[in-house]
Amino acid sequence: MQKFLFVGLVALLSVFLWGGAALAGFSDVPDSHWAAANIEKLSELGVVGGYSDGTFRPDHSVSQAEAVCMAVRVMGFQASLSDNLPQVSFSVPEWANEEVRLAIKHGLLKNNEQFSAYSGASRAWVARLLVRMIGKEDEAEEGLLLPNFVDSYKIPDWAVYYVRVAQDNDLITGYEDNSFRPDKEVSRAEMVTFLSRVWEQLPDGTTDNGNITDTDTGGDLATINGTVVKVYPESNALIIEEAGGSLKTLYSTGDNSVLMGENELQGIEALLPGDQVEVVLDASGRVFRVLINYREGFSFLEGVVYDLDLEADLLTIQSDNNRLSSYRLVDYVDVLAEGVRFPSVEDIRVGDKVKLDVEDNVVTGIEILEMASKLSVTGEVLILSSEKNLINLEVDGRIKVYSLSPNVRVSVPGLDNAFLSDINEGDTVTAEIESGEAVALEVSGRQVEDTYTATVYAVDTANRILTLKDRDDKYLVYEVLEEARVDINGAEDSELQDLEKDMEVKFRLLDGDIIYIETDNSLEGIISSLDEKGLLLVLQRDSGARETYILNNDVDVDSEDGREELDDIERGDYARVVLENNRVTEINLRSRFTYRVERVREVYDRIEVVDEEGDSHRLYLKNEVDLMVPGIAYPDIDDVRVGDLVLATYMGQDLDAVEVLEPLRGRITAVDDEQEKTTIKCFDGETVTVSFTAGSVLNIDGRKYDSLSKLKTGDRVEVVEDVEGDFIFTVMEEVSGELAVNADDDDDEVYLEDGYSWEDYNLDEEIYLHDADGFVVKMDELKAGDEVSLYMLREMVYELELQN
């Protein structure tokens with residue numbers, strides 16, 4: 001359905017419904033509001049409007065009738081004169097009657113469901129609506145997976161699987177404490193955000209790599225190619241010289257995005273004379289978007305070789321965010337490779353990390369930075385041979401063959417312990433390639449359905465027959481294959497006869513027989529109640545089920561933060577309990593700490609960290625410890641950097657997980673003392689608003705403050721969320737001076753004049769380098785004598801501003 005057809009009509013409806021102009025700005029939605037972009041987008045599309053006083057009221061709750069009206073507009077449903085719309089079996093206000101009937105006709109609502117037009121739309125109710133909008137109700141009705149929120153048990157039965165499908169499709173997420181809060185009413189700002197996510201998943205309304213559809217602007221688009229001659233930011237104007245020599249003066253709306261390679265810049269002031277650009281105009285002839293195809297002296301093309309077709313003179317590289325870009329090759333490409341005397345394009349291999357010199361969108365030079373680097377490849381499995389140690393994938397119509405690493409990691413949705421044998425021919429697999437070997441294989445698009453949990457009822461070792469009882473007290477009888485793996489409490493050399501009656505087991509089937517079975521005498525969950533006198537403990541499992549257990553008289557309580565007695569346990573604590581004969585013998589409480597990495601010792605699988613008090617600790621990343629690094633599917637210790645903030649999770653005194661955090665670093669652009677909020681323009685270009693909650697702390701020059709009163713616009717800060725959901729603000733130190741020596745691209749430090757000596761400063765790997773006008777600069781543009789300002793924390797520079 002062409003969604004743009006409904007925009008004009010819906011805009012009129014929204015004025016009638018909401019009492020305001022749908023395409024106007026709103027006095028209570030500043031640019032810094034977390035949902036401003038989505039509110040503006042859906043307002044321009046006519047999905048929502050404002051009130052007669054010029055406000056949007058983003059925090060007001062949405063009623064079920066209002067939510068349905070918004071959803072119908074996003075979908076573009078309209079009634080024609082010939083339409084015979086279904087009748088409704090519930091009360092509906094006149095202004096929403098047609099939209100509700102359209103929603104029933106198209107399956108967004110059903111007559112046999114409870115509908116309360118004026119009641120607030122809850123998060124659970126909205127989740128079902130969103131899933132139906134993207135056409136995935138069948139997945140919810142299959143009921144494959146439960147949501148994984150701590151309060152999943154609060155989700156109504158009818159909404160459970162809708163919530164999971166909405167979660168899996170990034171339509172609606174949980175809160176920072178991993179709760180879903182199904183009964184919480186959705187605000188207008190939240191509803192607009194959810195619908196914006198739906199809009200991106202509907203046909204004919206998406207943007208891909210800068211290829212803009214008509215629906216982005218609500219009209220036809222025109223394109224002009226040429227060279228930038230002059231830019232007038234104060235007038236929102238630029239002059240373009242086209243191929244024939246004619247000049248065109250173009251005007252922008254003032255908030256356009258400028259794309260250069262993988263970088264998105266803001267405003268036409270980011271353009272430079274000589275830039276070769278493609279300018280996209282909206283229906284009114286104003287600049288909508290600018291794509292920089294070439295800029296002299298700027299090398300932004302760096303990535304991993306994905307494909308090299310010498311017959312077609314075509315090179316395809318894969319960037320860090322897995323985006324593919326293809327370029328033509330000139331007849332004679334200048335190739336540079338360390339250790340190769342006369343390198344040529346024939347020496348380049350798939351997986352090599354390269355840096356490209358591009359002129360007029362054609363590659364003229366290639367520097368091989370790293371031979372056989374990491375590569376991510378997604379394709380269909382044609383052949384998988386563990387004997388020959390090979391995997392054949394069909395990738396974009398071409399056959400790719402890779403050898404398998406001896407320690408290849410396998411991930412299959414639904415399996416905690418996956419093996420090569422769990423991958424089938426025809427599966428869609430993403431392979432991580434290092435040095436020509438597949439080191440990790442991740443299956444997508446398939447959910448394993450043959451993993452079950454039950455309790456052992458009887459074991460017939462002679463005939464290898466296992467009788468189990470499921471949670472519905474039904475008996476299940478299976479044959480255990482000879483080659484089946486049995487893992488009891490982590491002992492992989494266990495045998496079938498080691499299984500005992502009443503053990504809780506997880507097992508997997510192959511053609512109806514057990515191929516894998518494991519048991520663990522420990523359970524995890526939230527402690528709902530604890531009766532010390534009666535020695536009873538109620539544990540709420542991650543699935544939401546609550547179970548009661550008897551405590552041993554000498555039950556052992558353990559934690560990393562010093563809690564060692566039963567009276568140290570509080571309701572709501574998360575714990576891992578160990579059972580023996582169905583009695584709790586150990587309670588290992590979960591505790592979390594935020595540390596900063598001081599040193600990485602790969603040879604010992606150890607990272608050395610310090611806490612906020614300056615005390616040192618050692619974290620050993622053994623096999624049983626989960627390591628999580630943002631953006632890396634299968635992280636290793638070498639993905640942890642000095643200076644990283646990490647969240648360490650302990651179960652009892654055992655390290656359970658280490659997560660690398662992503663702190664916000666940037667410049668303060670606004671401080672609201674009354675509402676205790678601040679707006680930050682991050683060094684990566686993103687603008688965010690952070691609330692200074694009751695437990696938040698502001699650190700300035702070693703002093704701590706419990707309010708934002710000392711924070712100033714222009715301060716550079718680092719913001720970290722602690723384990724309680726509060727924030728730690730730390731103001732960076734500013735150092736200004738004159739560069740002592742020229743800098744090179746591969747430098748990780750700079751030197752400033754300090755009287756008769758030089759002072760060196762360490763640079764962060766992702767340092768933000770720019771001039772006084774905000775334009776990004778490269779390291780080799782920094783020359784001796786340049787005046788610079790450095791912004792640093794803990795002897796690490798995160799921003800360098802070139803003053804002249």
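Reply: A salt bridge here is a side-chain nitrogen of Lys or Arg within 4 Å of a carboxyl oxygen of Asp or Glu. The model is a predicted one, and by this rule the count comes to 23 salt bridges.

Me: How far apart are the closest N and O atoms of Glu 801 and Arg 716?
Reply: Glu 801 and Arg 716 count as a salt bridge because a nitrogen of the one side chain lies within 4 Å of a carboxyl oxygen of the other. Glu 801 belongs to strand E43 and Arg 716 to strand E37, so the pair ties together parts that are 85 residues apart in sequence. The closest N and O atoms of this pair are separated by 3.4 Å.

Me: Is Glu 799 buried or exposed?
Reply: A residue is called buried under 20% relative accessible area and exposed over 50%. Glu 799 has a relative accessible area of 2%, while Arg 716 has 8% and Glu 801 has 12%. Since its value falls under 20%, Glu 799 is buried.

Me: Where does Arg 128, the salt-bridge partner of Glu 113, lie?
Reply: The side chains of Glu 113 and Arg 128 meet in a salt bridge of 3.4 Å, taken from N to O. This pair links distant parts of the chain, 15 residues apart, with Glu 113 in the loop between H4 and helix H5 (123–133). Glu 113 counts as buried at 16% relative accessibility, and Arg 128 is buried too, at 9%. Arg 128 itself lies in helix H5.

Me: Which residues in helix H4 are buried?
Reply: Helix H4 covers residues 97–105, and just after H4 comes Gly 107, with a positive phi of about 85 degrees. The buried residues within helix H4 are Glu 99, Val 100, Arg 101, Leu 102, Ala 103 and Ile 104.

Notes
Residues numbered from 1 in each chain as written. Predicted model: local features only at pLDDT ≥ 70, side-chain atom pairs only at ≥ 80, totals over all residues. Heavy atoms only, no water. Buried < 20%, exposed > 50% of the residue type's maximum accessible area, 1.4 Å probe, protein only. Helix = DSSP H or I, 4+ residues; strand = E, 2+ residues; numbered from the N terminus.
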